[in-house]
Amino acid sequence: MGGMNGKSNGIRNIVVLTGAGVSAESGIDTFRASDGLWEQHRVEDVATPEAFERDPDLVQRFYDMRREAVQTKDPNPAHFALAKLQRELDGNLLIVTQNIDDLHERAGAEDVLHMHGEILNAWCTSCDVRSRWTGTLIERPACPECGDAALRPDIVWFGEMPYRMDEIFDAIREADLFVSIGTSGAVYPAAGFVRDAKSLGVATLELNLERSQGSHWFDESRLGPAGTIVPEWVQEILDNKG
């Protein structure tokens with residue numbers, strides 16, 4: 001398999017953006033089906049600040065179910081391959097994920113930036129502390145830090161700003177290669193990362209099950225299940241390093 005038109009040699013800094021397609025093979029539902037429903041809920045009813053204000057019980061129950069479900073899933077070969085690349089690359093690999101699960105970490109990855117938050121965290125809106133949280137929130141438990149009953153899922157909802165955007169842009173600016181894996185290319189600001197990379201002269205690669213809305217922005221697209229094509233690409237990079 002040819003390597004990024006010969007560009008895989010000398011690649012030291014890589015930014016990888018992962019989306020729902022990476023976790024789908026672990027049995028985690030993709031973010032939103034084509035019918036606009038998310039596990040039979042409209043996004044507007046469970047994934048906006050207004051929804052939480054209007055019906056906090058519905059939102060808490062929805063995320064309680066997702067939190068429980070995530071803990072029953074296991075990483076797949078794509079997660080393990082990216083963790084291996086992070087360990088063995090002669091340089092830096094930053095994994096930026098739109099996913100709220102912890103499968104990258106459970107596969108051994110360490111430098112993971114969750115731009116949309118983490119389902120296994122609770123955020124206290126009273127003291128602004130985020131705490132690891134594996135149980136439920138529907139009973140309005142006290143914040144471990146301040147004691148207030150002000151915990152919500154540590155999830156970036158529609159209308160809220162994704163986390164650590166400045167760090168992501170800085171990493172893309174220093175990258176030799178930007179790779180998008182298993183993401184639709186439809187949700188901004190993540191959908192704009194490839195354009196930022198291209199404007200900076202950074203090589204770009206898409207690994208996806210099918211062509212995405214943003215495929216035409218990439219130097220190269222490789223299509224197939226993430227559990228197959230991600231390990232193949234990782235091995236190619238490691239074979240050509242140096």
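In this predicted model, E220 counts as buried at 19% relative accessibility, because the threshold for burial is under 20%. E220 forms a salt bridge with R222, and their closest N and O atoms are 2.7 Å apart. R222 is buried too, with a relative accessible area of 10%.

The structure holds 13 salt bridges in total. The table lists examples.

| Pair | N to O distance | Relative accessible area |
|---|---|---|
| E220 and R222 | 2.7 Å | E220 19%, R222 10% |
| R54 and D45 | 3.7 Å | R54 54%, D45 23% |
| D102 and R132 | 3.9 Å | D102 9%, R132 55% |

R54 is exposed, whereas D45 is partly exposed. In the bridge between D102 and R132, D102 is buried and R132 is exposed. This pair links distant parts of the chain, 30 residues apart: D102 lies in the loop between strand 4 and helix 6 (103-106), and R132 belongs to strand 7 (residues 130-132). Through shared partners, salt bridges join D102, R106 and R132 into one network.

The largest nonpolar core comprises 28 residues, of which I14, L85, L177, V179, V230 and W233 touch the most other members. At least two residues of this core come from each of strand 1 (13-18), helix 5 (77-88), strand 4 (92-97), strand 9 (177-181), strand 10 (203-208) and helix 9 (226-239). Helix 9 gives the most, with seven residues. Leaving aside neighbours within four places in sequence, V230 is in contact with A78, A81, L82, I181 and L207. A second, separate core has 18 residues, including L17, L94, A175 and V202.

Key. Residues numbered from 1 in each chain as written. Predicted model: local features only at pLDDT ≥ 70, side-chain atom pairs only at ≥ 80, totals over all residues. Heavy atoms only, no water. Core = buried A, V, L, I, M, F, W, Y, C linked by side-chain atoms within 4.5 Å. Buried < 20%, exposed > 50% of the residue type's maximum accessible area, 1.4 Å probe, protein only. Helix = DSSP H or I, 4+ residues; strand = E, 2+ residues; numbered from the N terminus. Contact = heavy atoms within 4.5 Å. Salt bridge = Lys/Arg side-chain N within 4 Å of Asp/Glu carboxyl O.
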